[in-house]
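Colleague: Could you walk me through some local features of this chain?

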Amino acid sequence: MNELAPERKLKRLELVITRRLDGLLHGSHLGLLPGLGSEPAGSREYRPGEDQVRRMDWSVTARTTVPHVRTDDADRELSTWVLVDATASMDFGTAEFEKRELATAAAAAVGFLTTGTGNRLGAHLLTSDGIRRFPARGGRTHLLGVLRTLLAVPRQSAEPPATSLAGAIDGVSRSEPRRGLAVVVSDFLDGLDQDGLGPAEPAWEQPLRRLVARHQVLAVQVGDPREQELPDVGLLALIDPETGRRREVHTASRKLRERYAAAARQQQTTIAAAIRRAGAGHLTLRTDRDWVADIVRHVHAQRRLGQATHKPMNAGGTG
């Protein structure tokens with residue numbers, strides 16, 4: 001897709017999404033996440049490690065002596081906010097796509113999946129210069145306009161962005177007080193500790209937690225295989241895209257490659273744990289994988305979870 005002109009990219013994106021996600025486009029946002037909504041629907045048994053304590057249904061828990069959480073039906077009209085990270089670290093890719101193109105594809109999938117009568121889509125675009133905001137509006141024309149802008153974003157300069165990912169997430173929280181769906185598309189490399197590897201809480205975790213308290217949240221993490229392991233290609237120059245810092249490494253060293261891979265695994269563990277602690281859904285996309293298939297698998301998994309969530313509680317009895 002990266003060799004196509006922007007308008008052809010957009011047409012290709014729409015064609016791929018609507019063809020391959022056909023049948024999934026009619027389930028509204030319940031296809032992306034098990035809906036929390038706002039209309040009470042019932043209760044189900046509490047699942048440790050999966051449910052949030054703040055969702056506890058204390059009256060049912062007291063009556064049955066078994067912990068239960070509230071379940072809700074999703075609102076008929078949905079407001080979706082998409083935050084797309086377009087900072088310099090996203091201008092990287094060693095497979096079929098760059099991360100920035102994959103992020104745009106993810107935003108397109110979210111847009112087409114949630115487009116429907118009465119639904120609205122708003123977007124925040126994080127670049128090195130700051131944040132560009134698009135008000136929430138309905139309709140395919142608005143969605144295509146947002147996607148055109150994402151495709152036209154120029155490559156970013158090698159300098160720290162004016163606004164951090166943490167600040168951008170807080171911006172989404174302030175944009176819409178009414179409960180809806182918020183999707184954050186990023187590599188989530190911003191806001192880690194200095195090496196990006198340690199156990200410290202990422203700077204964006206608390207803002208993400210605040211976003212979850214107000215909205216239904218899906219974190220879409222975009223990655224590339226070279227971020228996970230180094231190839232054996234001799235002397236290799238590595239450049240931090242957001243600072244311009246350059247470092248040469250000898251990739252022929254097996255120990256160095258093993259240390260790099262171990263550090264990358266720790267980094268991914270840190271990111272995944274922070275997203276899980278925040279209470280957001282987590283979808284991982286990679287430039288060397290079939291991103292549509294990954295989204296479909298995620299949708300199927302979430303729909304199964306949603307169906308299990310909305311099953312009526314078994315009536316208790318004696319004797």
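The questions below concern a predicted model.

Colleague: Which strands stand at the edges of the six-strand sheet?

Modeller: The six strands form an open sheet with mixed pairing, in the order S5-S4-S3-S6-S7-S10. Two of these strands have a single partner strand each, so one side of each is left without a neighbour in the sheet. They are strand S5 (130-137) and strand S10 (281-286).

Colleague: Which residue in S6 stands opposite Val84?

Modeller: Strand S3 (residues 79-85) runs parallel to S6, and five bridges join the two. The residue opposite Val84 is Val185.

Colleague: Is Phe188 buried or exposed?

Modeller: Phe188 is found in the loop between strand S6 (181-186) and helix H6 (205-214). Its phi is positive, about 60 degrees, although Phe188 is not a glycine. The cut-off for burial is under 20% relative accessible area. Because the relative accessibility of Phe188 is 0%, this residue counts as buried.

Colleague: Is Thr65 buried or exposed?

Modeller: Thr65 also has a positive phi without being a glycine, near 65 degrees. It is found in the loop between helix H2 (58-64) and strand S2 (68-73). Exposed means over 50% relative accessible area. With a value of 68%, Thr65 is therefore exposed.

Colleague: What separation do the C-alpha atoms of Val292 and Val16 have?

Modeller: Val292 lies in helix H8 (residues 291-309) and counts as buried at 3% relative accessibility. Val16 is 276 residues apart from Val292 along the chain. The separation of their C-alpha atoms is 8.3 Å.

Conventions: Residues are numbered from 1 along each chain as its sequence is written. This is a predicted model: local features need pLDDT of at least 70, side-chain atom pairs count only at pLDDT 80 or more; totals for chains, interfaces and linings use all residues. Side-chain values use heavy atoms; hydrogens and water are left out. Helices (H or I, at least four residues) and strands (E, at least two) are DSSP runs, numbered from the N terminus. Buried means under 20% relative accessible area, exposed over 50%, partly exposed in between (1.4 Å probe, protein chains only). Two strands pair if DSSP finds at least two bridges between them.
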